[in-house]
Amino acid sequence: QVQLVESGGGSVQAGGSLRLSCVASVSGYRPSPSIRKCMAWFRQAPGKEREGVALICTASGTTDYADSVKGRFTISQDNAENTVYLQMNNLKHEDTAMYYCAAGFFTWTPRLSPRSFAFWGQGTQVTVSS
């Protein structure tokens, strides 16, 4: 079982920055060495589908980003590999959404798609005013 708790959302003006955090707690499961844990951030605006923002596979440090956030957002992890951050710079109004942390265990680097991830947090709201 994996529990995910997000924090760091809020309201900011366009051009500003926010940093989201996601703490993962894993219990009752010990993956084999060939299995990698990957965590990701998704977002969903009202009336729109949930879309991938960024992912990181914690053992290898492999990352992937949506084109819309490349050069502005950075995903990272702490040394203990149980917290993932999303640094968001130069925020735009269109970044306004509920941001969700997700996690899963894989034998390959997953696609940045909601269907790839089994565990989800409750979300944290990001609002960017223009």
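Colleague: Which residue of β3 does Leu4 stand opposite?

Modeller: Leu4 has Ala24 of β3 opposite it. The model is a predicted one, in which local features need pLDDT of at least 70 and side-chain atom pairs count only at pLDDT 80 or more, while totals for chains, interfaces and linings use all residues. Residues are numbered from 1 along each chain as its sequence is written, and side-chain values use heavy atoms, with hydrogens and water left out.

Colleague: What makes β1 and β3 a pair of strands?

Modeller: A strand here is a DSSP run of E with at least two residues, just as a helix is a run of H or I with at least four, both numbered from the N terminus. Two strands pair if DSSP finds at least two bridges between them. β1 and β3 are joined by 6 bridges and run antiparallel, so they meet the requirement of at least two. In general, the strands of a sheet pair through backbone hydrogen bonds, in either a parallel or an antiparallel manner.

Colleague: What is the order of the strands in the open sheet of 4 strands?

Modeller: The order is β1-β3-β8-β7, with antiparallel pairing. Within this sheet, β3 and β8 pair over 6 bridges, and Cys22 stands opposite Val84 in β8. From one strand to the next, the twist averages 15°.

Colleague: Why are β1 and β7 called edge strands?

Modeller: Each of β1 and β7 pairs on one side only.

Colleague: How many disulfides does a search of the whole structure find, and what makes a pair a disulfide?

Modeller: The search finds 2. The criterion is a pair of cysteine sulfur atoms within 2.5 Å. The sulfur atoms of Cys22 and Cys101 are 2.0 Å apart, and those of Cys38 and Cys57 are 2.1 Å apart. With the bonded cysteines numbered in sequence order, the pairing is 1-4, 2-3.

Colleague: Why is the disulfide of Cys22 and Cys101 left-handed?

Modeller: The torsion about its S-S bond is about -80°, so the disulfide is left-handed. Cys22 in strand β3 and Cys101 in strand β9 are 79 residues apart, and the pair links distant parts of the chain. The link of Cys38 and Cys57, with 95° about the S-S bond, is right-handed. Cys38 lies in strand β4 and Cys57 in strand β5, so this pair ties together parts that are 19 residues apart in sequence.

Colleague: Why is Ala66 called buried?

Modeller: Buried means under 20% relative accessible area, exposed means over 50%, and partly exposed lies in between, with a 1.4 Å probe and protein chains only. Ala66 has 15%, so it falls under the 20% limit and is buried. Ala66 is in the loop between β6 (63-65) and β7 (73-77). Leaving out residues up to four places away in sequence, Ala66 touches Gly52, Val53 and Leu112, where contact means heavy atoms within 4.5 Å.

Colleague: Is Thr124 buried or exposed, and what is its relative accessible area?

Modeller: Thr124 is buried, because its value of 11% is under 20%. Thr124 belongs to strand β11 (residues 124-129), whose covered face is Thr124, Val126 and Val128, and whose uncovered face is Gln125, Thr127 and Ser129. Beyond its neighbours within four places in sequence, Thr124 is in contact with residues including Glu6, Leu20 and Tyr99.

Colleague: What polar atom distance is there between Gly9 and Thr124?

Modeller: The backbone nitrogen of Gly9 lies 3.1 Å from a polar atom of the Thr124 side chain. A polar contact is a pair of N or O atoms within 3.5 Å; within protein, one must be able to donate a hydrogen and the other to accept it, and residues adjacent in sequence count only if both atoms are side-chain atoms.

Colleague: Which strands pair with β11, and in what sense?

Modeller: Strand β2 (residues 10-13) pairs with β11 in the parallel sense over 4 bridges, and Ser11 stands opposite Thr127. β9 is joined to β11 by 3 bridges and runs antiparallel to it, with Gln125 as the bridge partner of Met98.

Colleague: What makes a set of residues a nonpolar core, and how many residues has the largest?

Modeller: Such a core is a set of buried Ala, Val, Leu, Ile, Met, Phe, Trp, Tyr and Cys residues joined through side-chain atoms within 4.5 Å. The largest has 28 residues, and Trp41, Leu86, Met88 and Tyr99 have the most contacts inside it. Another core of 9 residues lies apart from it, with Phe42, Leu55, Leu112 and Phe117 among them.

Key: Axes fitted to C-alpha atoms, helices over the stretch in contact; angles between N-to-C directions.
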